[in-house]
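Work through the exercises below with the sequence and the 3D structure open beside you. Try each task on your own before you read its solution.

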Amino acid sequence: MTEEIVQVSGLTKCFGGLKAIDNLSFTAQKGEILGLVGPDGAGKTTTLRVLAGVLAADSGSVLLGGQDVLRNPEAIKSLISYMPQQFGLYEDLTVAENIRFYADIFEVSHAARQQREQQLLEASGMSRFRGRLAGQLSGGMKRKLGIACALIHTPQLLLLDEPTTGVDPVSRRELWSILYSLVFEGVSVLVSTAYLDEAERCHRLLLMYKGRRLFFGTPTELKSMLPGAVLSISSPNPEVLRSIVVGEQGVLSAMAMGDTVHVVVDDADLRSTQLRARFEQSRVPFGELRRTTASVEDVFVYAISRQRTQIGT
Amino acid sequence: MNLRRTAAIGRKELIQIRRDPRSLLIAVVLPLIQILLLGYGARLDADHIPVYILDQEGSQNSQALLKGFQASPYFDVVKVARNYPELVRAIDADRCKLGIVIPWDFSERLGDGRPVSVQALLDGTDNNSAQLAEGYATAVVDSYANRIQLDWFSRHGLSQQATVPVSVDYRTWFNEDLESKNFIIPGTVALVMALMGALLSSLTIAREWERGTMEQLIASPVTPLEIMIGKLAPYLIIGLLDAISCAAFAVGWFGVPFRGGLGAFFFTTTLFLIVILGIGYMISVATRSQLGASQYALLVTLMPTAMLSGFAFPIDQMPVAIRVVSYVVYSRYYVSALKRIFLGGAGINDLIPEIIAMAIYAAVIAFFATRAFRKQIE
């Protein structure tokens, strides 16, 4: 039984002459985590703002739980929780005061608030900071407070704009475990992220580039889009290696990742031999060269570089 | 309108005021400083006006007039000048505000029963002080003239219907009792309300935008009306408390009489605050910047209240065009009400015209203020 909580079709939003969202269509099912991925300026934040009913769109339609967001944005506001990219809580209020404020705004009963507050603060390891001013929290704790305020009522849909940006790995893991526990409660999550490793944790992905939809489907489907294979080459100077690789025949895209370069090629065996010869010939130092499984990131970089050559940018 | 959400906004606003030293200063300290400064500084009275006297005659009579000036609390006779140029130099050098010249034929003319005039040279740089000095000087001369008159009558055995030898010019506006304090201080309550109300309300919406808290707030089910009421109600209460403390200060510290009704005081103050807070709120909605909003708010609330409300500068002494403009200035009705409540003993029934004018303003402002805010980012 799948029920679509979000139905977006033909959504367009312009800022001046620039199309921030260009004819975007997608759906999200009840109880799934849908990841919005794309480089900066892809239109992720604008999309979430339109869905949250705080930004008017130019054309298209957005249905949340059957309600028309563009025509009547107020109708959906008690169904959703939205956490903007920038910390949106009151820094001069304490953790508990912020939670209480949003509990009142969403008309959460006193008993439900206490139970939920305790549960959320415990899950995020913040119980001891109840009396601390929000402005004196670290970046990660601010995010977790944001989540706690967003979840103090039980939304049908949670909209999170880059919740893990600038957050330490431990807090990131805590955030994701909170999201998974929500899904069990039947809450749907729409989360944008700049970290592509997090994209793998989503049930489905919406890949955006320049306001348009590049891909929409599961991470596995996304990876199967990739023609050929991915080679991982370790190198003392990945950037230099990458610039050499890009021009080679059969290389579809390449990106530096830490001390390795990930290269998408049409044929793994053929191109391994070819690249090895090329490096030895021009005395480029390199370490291990092996075939690796494609990550979302590899596909993403491939998809975007292909898009660039198509549009000519 | 949901009461719980409105109360939540109000409570949040109060916590923020309590933790923000700047807001606290504006809400608590500024009103007291303002009423103290205005109570002491903006008095239109003058006392101890420095005077030079040139006595060209040097007779017993002229000395008697001179003593009149020395005895007056409004004048300090700095010096008796030797000649006219010295007197003129003293005024030029700002050593005195007033120069009195008693003519050489003072006693002779008095003796003949002919009119005699005493010359007064006034420093008109500050025309208010000059007018007052003139008034006080006239009073001194008048009282002297009265004595001479009685003297002259008794010596000649004439009835009081006889012609007056010294020219007498009565001025009814003369401020015998330092009354300008009573005239000005009630109006300062309006000034305090305008300054405090405009400054604080102009920050409300702009602060949420500047600190990035608005986006999350407008994604919630809270309505614009709940935001407005929740945000302004604390300032209305603070405003009324400030009004009480200002009135208490006016009566207890400056000895201004409070003869009217407390009900009328609260009612008119509430109406005025609704107008001020509504204006500040709308400006805050429109500018989205705390600094810009507070500047605009002061421009449209404090400026007209200080200049055109008749708080210190009487409206009927203004040019016709400005007098017409002053009818549009909502604060004139409040200042007029305040003066009539404090000094005239007015109650609500006596202030119907003022209350109607302010109620119309409050209704119009409230109408537009409730429609000003849109729950949209752009």
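What percentage of the contacts in chain B with a separation of 6 or more is accounted for by residues 24 or more positions apart? The solution is 80%, where two residues are in contact if their C-beta atoms, placed from the backbone, lie within 7 Å.

Before going on, note that this is a predicted model, in which local features need pLDDT of at least 70, side-chain atom pairs count only at pLDDT 80 or more, and totals for chains, interfaces and linings use all residues. Residues are numbered from 1 along each chain as its sequence is written, while chains are lettered from A and ligands numbered from 1 in the order in which they are written.

**Exercise 1. Describe the overall form of chain B.**

Step 1: The secondary structure of chain B consists of 15 helices and four strands, where helices (H or I, at least four residues) and strands (E, at least two) are DSSP runs, numbered from the N terminus.

Step 2: Chain B has a radius of gyration of 28 Å, whereas a compact globule of 378 residues would have one near 21 Å. This radius is taken over C-alpha atoms, and the globule rule is 2.2 Å times the number of residues to the power 0.38.

Step 3: The C-alpha trace of chain B spans about 95 × 45 × 40 Å along its principal axes.

Step 4: Buried residues make up 41% of the 378 residues of chain B; a residue is buried if 20 or more other C-beta atoms lie within 10 Å of its own, exposed if 12 or fewer, and partly exposed in between, with C-beta atoms placed from the backbone.

Step 5: Chain B is assigned domain 1 (3-43 + 180-372) and domain 2 (49-156), with bounds that come from an automatic or database domain assignment. The C-alpha centres of domain 1 of chain B and domain 2 of chain B are 47 Å apart.

**Exercise 2. Work out the sheet of chain B.**

Step 1: Four strands form an open sheet in chain B, in the order β2-β1-β3-β4 and with mixed pairing; two strands pair if DSSP finds at least two bridges between them.

Step 2: At the edges are β2 (75-81) and β4 (119-122) of chain B, each of which pairs on one side only.

Step 3: Strand β1 (residues 49-55) of chain B runs parallel to β2(B), and six bridges join them. One place to look is B:Tyr52, whose bridge partner in β2(B) is B:Lys79.

Step 4: Helix α3 (residues 60-71) of chain B lies across β1, β2 and β3 (98-102) of chain B, and runs at about 175 degrees to β1(B). Axes here are lines fitted to C-alpha atoms, for helices over the stretch in contact, and angles run from 0 to 180 degrees between N-to-C directions.

**Exercise 3. Find what chain B brings to its contact with chain A.**

Step 1: The contact takes 21 residues from chain B and 24 residues from chain A.

Step 2: On the side of chain B that touches chain A, α1 (3-19) and α9 (214-218) of chain B each supply at least two residues, and the largest share, seven residues, comes from α1(B).

Step 3: That side of chain B divides into seven nonpolar, six polar and eight charged residues; Ala, Val, Leu, Ile, Met, Phe, Trp, Tyr, Cys and Pro count as nonpolar, Asp, Glu, Lys and Arg as charged, and the others, Gly among them, as polar.

**Exercise 4. Explain why β12 and β14 of chain A each have one side without a neighbour in the sheet.**

Step 1: In chain A, an open sheet of four strands has the order β12-β13-β11-β14, with antiparallel pairing.

Step 2: β12 (251-257) and β14 (289-292) of chain A stand at the edges, each with a single partner strand, so one side of each is left without a neighbour in the sheet.

Step 3: Strand β11 (residues 229-234) of chain A pairs with β14(A) in the antiparallel sense over four bridges, and in this pair A:Val230 stands opposite A:Thr292.

**Exercise 5. Locate A:Cys14 and decide whether this residue is buried, exposed or partly exposed.**

Step 1: A:Cys14 belongs to strand β1 (residues 4-15) of chain A.

Step 2: A:Cys14 is partly exposed, because 14 other C-beta atoms lie within 10 Å.

Step 3: Not counting residues up to four places away in sequence, A:Cys14 touches A:Lys19, A:Ala20 and A:Asp58.
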